[in-house]
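Please read the points below with the sequence and the model open. They go from the domain layout to one helix and then to a set of strands.

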Amino acid sequence: MNYLETLNPAQLDAVKNIDGPTMVIAGAGSGKTRVLTFRIAYLMEKGIDPFNILSLTFTNKAAKEMKERISSIIGSTEAKNLTMGTFHSVFARILRHHADKIGYPQNFTIYDTQDSRSLLKTIVKELKLDEKVYKPSMVQGRISSAKNNLISAVAYESNSDIVNEDRQSGRPRVFEIYKAYEKRCKLAGAMDFDDLLYKTNVLFRDSPETLHFYQHRFKYVLVDEYQDTNYSQYLLVKKLAAVFQNVCVVGDDAQSIYSFRGANIQNILNFKTDYPDHNVFKLEQNYRSSQTIVNAANSVIAKNKDQIQKNVWTSNDVGSKIKVLRTLTDNEEGKLIANQIFETKQNEGAENSDFAILYRTNAQSRSFEEALRKLNLPYKIYGGLSFYQRKEIKDIIGYYRLTANPQDEEAFKRIVNYPKRGIGNSTVEKLVVAANHYGVSLWEVAAEPQKYPTELNSGTRNKLNQFVTQIKSFAVDLERKDAYTLAQHIAVTSGILKDHYADKSPEGVARYENIQALLAGIKEFTTNVSDGETNFLSDFMVDVALLTDADSEKDEDKNKVSLMTIHASKGLEFPYVFVVGLEENLFPSQMALNSRTELEEERRLFYVAITRAEKNCTLSFATSRYRWGNLITSESSRFIEEINPEFLEVSTPYRSGGRSLNQTNLENKTRTPTTYAPNGPKRRLTKLQDAPKKSKDGDTADKLDLKVGYNVMHERFGKGKIVALEGTPPSKATVFFPKAGNKQLLLKFAKLEVL
Ligand SMILES: Nc1ncnc2c1ncn2[C@@H]1O[C@H](COP(=O)(O)OP(=O)(O)OP(=O)(O)O)[C@@H](O)[C@H]1O
Ligand SMILES: [Mg+2]
C-alpha cells in the first residue's frame, strides 16, 4: 500500500501542501509526527533534494526513527542526506564549521551540565560569595534563561528588570557570576548547551554570508514539538526560513511543558502574525489511545483556561477504565505496580517494553527499581545517571576533550592528577590564581611556565611538564589517526585502563567493562563512515556531548520496562502506562502552586502523561512517602479528581508488603473494585477511602493515649514533647525534640513511647 493511503484526509492535506508556511496544531496521538515524517518523504518524492531539507526533533532518537521510516519509503541512499536531529545537535555541527567566525576554536568543547555547575561553583568561590545563597543550580538556571532569550552578560547587567529581580530575591550579584562565567567559557574554548543555540544566533547575526548559505541550503525547514521551542530556537527557525518561507511546524499547545526552560507557548500563537500567508491544519482523530483514555485526557485539559480549542476523538475501542491505586507508602506503590506488570505480562502476554512508569521527579524511581528487581523484571531508566555521566567514562573523555581542546578548564582539572601523578589541589589552585591573573587558560600557565611565572616549585613544574607533553603527543594524532585508534592509544598510554584493570572488586570490574564498552562504541562510530572519509576523535566528541539518554539506548535495552520522568516521555507511546506519585505537593509540584499559569503547566504535564497510553492507563498515589529524609503524609492529587469519574475505577487498597506474589495474585482475583463516586467535588480520595485494614503498627499507635504536652521517646530522635496532634484518634503528631527540632510524625510508623 502506498504510504499516503494510510493517512486520513486532514493528514493527507497537511502532507501534500508543501509550499509556504504551514502549521499543524493538534492534540496528542493525532499523527503530527507521522505527518511530519510523511511530508518529508513526499517532498523527496516531488524531487526536492534531501540536502535542502532540515528537520528538528525533540530527541536524536526521534530523528533516527523518522529517518528509518523515510528510508523504508524512499530508500536509504537518499534519506542519508537529510539533516535531522535536535536543535542542539544540528546547530553544534554547524558551529563546528564556523566557530572561528565568532572567536571560538574549531574543536570547541561542549560543557555538559556538570561542567557548567563545577565552573559556576569555582567562580562563586573566587568571588567570595556564599554558595548556599548562590547555588550553582540556581545561577545556572538564571544564566540559561538569559541565554535562551539572547541576553548576554553585559545586557543582563544593564537590564534593570532582571537585576531588580535578582536583588529582590537576595542574590544581587548573579550578573557578576554570569560575566565571569561567560569569560571563562570563552577562555576555555567551551560552549554550554544553551550556547549551542545562542552562539548560532550570534553567528547568523554577525556573519550574513553564513546565514545566507544556510538559508539556501535548507529550503525546507520542519519542526516537531514546536510548542516547546524557546525564543532562541524560534529565532533560528525564523531566520533560516526567512527567504523561502517553507517552514512547517507541528505541535500541541496542550502539551507545552518546558516553560521552566524558557519554552514559549506564544511561538505557536505568533506563527500566524509572523507568517500572514500561512496554512493551518487541524488533526482531530487520535489513533493512539482507547476512547476512555482520550476522553479522560480531554476532561482534564478542559480545566485549563489558556488553550486553543480542539476536539480530539478516536474510533478505537472503548477500552478499560483508568485504574486508581492507593497505597500506604512509596515502597508499597513500587511493589503494587511491579506486581501489576508481572500479572499483565502473564495474563495478556505483554512484553516488558510495553510498559512505562512515569513520574514527576527522578528521585521517585528508587522504589520501582527495587520492586522490579525483586520480580526479575528488567527495566531501563531514562535520565538517571547515564552511561556518559559515570566517573570512569567522564575521566577518559576528559583526556579526549583536553587532547582536542587543551584550553578546556574543566577537563584539565578533572584529569591533571588522574591517574595520580602527584599534582595536588594546591597546585591546581595556584594555577587557577595565575591563570586568572594573566587572563589565560590553566593549560597555558602549565605549558609555558617561563611566560606565566607561578609560585610552583621546580618539582611540580616538572610533573606538569610531563603531563603537558603527554597531551601534546596525543594531539599530534588528532587528524592523523582515526577516532578509535587514537582513543585506544590514549586509554592505554594515560594509564587509565591499567588503573581499572588492577581493581578486581566487582565495581572495578564493572568500570573496566564500561571503558571497554565506550571503546567499542568509538570503534563502531569510526567504521560507520561513507567511502573515503575518516571519523576523527573530535567528531565523536560532538556526538557524545549531545547524546541524550534516549539516544544511547542499546539493543539489549530494547525489551525492558521504561522508567522516566513525564518530561522525558514527550512524543512516546506505550500500551500500558503507570502515572505514579499522584499526590498534592508532588504532582502538582509544590513549586507550581503559586499561580494559575504554573498550575496549568502541571496540568498539561498530566495530560502528556495520560496520553502516552495506548490500551491501559493506571494512576497511583501513596499516602505517605519519604522525601528529603522525612516521612511525609500526602493527600491524593487534585488531578485525579479532575478526571471525569465515569472513566475511573478505584481499587480497594490492599497491602502487598510481606506477601508472596502468589498470595497477592489470589488476593487480586478476589478483591472487588469499588467505583470512585465522590459525593462532593471538593472531597479527596484519601478521605473517601480510609484503609479498611489496620496495620500492626497502627494498632499500637491507637492504643497509646497521647495528649499535647506529653513527653515521649522516639527511636531515632530521643526524648521529645508533643506540641500538636491531628485526627481523632490522633494519626499524626508534631513533636519537639531538643536534638532534632520539630518533626511531624505518622503515629503508625513512629513507635512513640510515653514517658
Ligand atoms: N492515519 C493513521 N492511521 C493509522 N495509525 C495512525 C494514523 N496516524 C497516526 N497513527 C498512529 O498513531 C500514533 C500516534 O501518532 P503520532 O505519534 O504521529 O502522534 P502525535 O500527534 O505526534 O502525538 P504526540 O502529540 O504525542 O507527539 C502512532 O502510533 C501513529 O503511527
Ligand atoms: Mg509527536
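Predicted model: local features only at pLDDT ≥ 70, side-chain atom pairs only at ≥ 80, totals over all residues.

1. How far apart do the C-alpha centres of domain 2 and domain 3 lie? The distance between these two centres is 35 Å. Domain bounds here come from an automatic or database domain assignment. Domain 2 covers 109-188, and domain 3 is made of 313-383 + 560-650.

2. Residues are numbered from 1 along each chain as its sequence is written, and chains are lettered from A and ligands numbered from 1 in the order in which they are written.

3. An unreviewed UniProt entry lists residues 5-290 as "domain: UvrD-like helicase ATP-binding". UniProt positions are given in the numbering used here, feature names are shortened, and annotations may be inferred rather than shown by experiment. In the model, this span is 53% helix and 12% strand, and its end C-alpha atoms lie 23 Å apart. Helices (H or I, at least four residues) and strands (E, at least two) are DSSP runs, numbered from the N terminus.

4. Helix α3 has 15 residues, 60-74. Just after α3, Gly-75 takes a positive phi of about 115°.

5. Which residues of α3 are buried? They are Asn-60, Ala-62, Ala-63, Met-66, Lys-67 and Ile-70. Buried means 20 or more other C-beta atoms within 10 Å of the residue's own, exposed means 12 or fewer, and C-beta atoms are placed from the backbone. Seen down the axis of α3, the buried residues fall within an arc of 150° (taken from the directions from the helix axis to the C-beta atoms), so they line one face of the helix. On the other side of α3, Glu-68 and Ser-72 are exposed.

6. Strand β18 (718-726) pairs in the antiparallel sense with β17 (711-714) over four bridges. Two strands pair if DSSP finds at least two bridges between them. A hairpin through three residues joins β17 to β18, and Met-713 stands opposite Lys-719.

7. β18 also pairs in the antiparallel sense with β19 (732-737), over five bridges. Lys-721 stands opposite Phe-736 of β19. Five residues lie between the strands of this hairpin, where Gly-727 takes a positive phi near 90°.

Technical notes:
Expected span 1.5 Å × (residues − 1).
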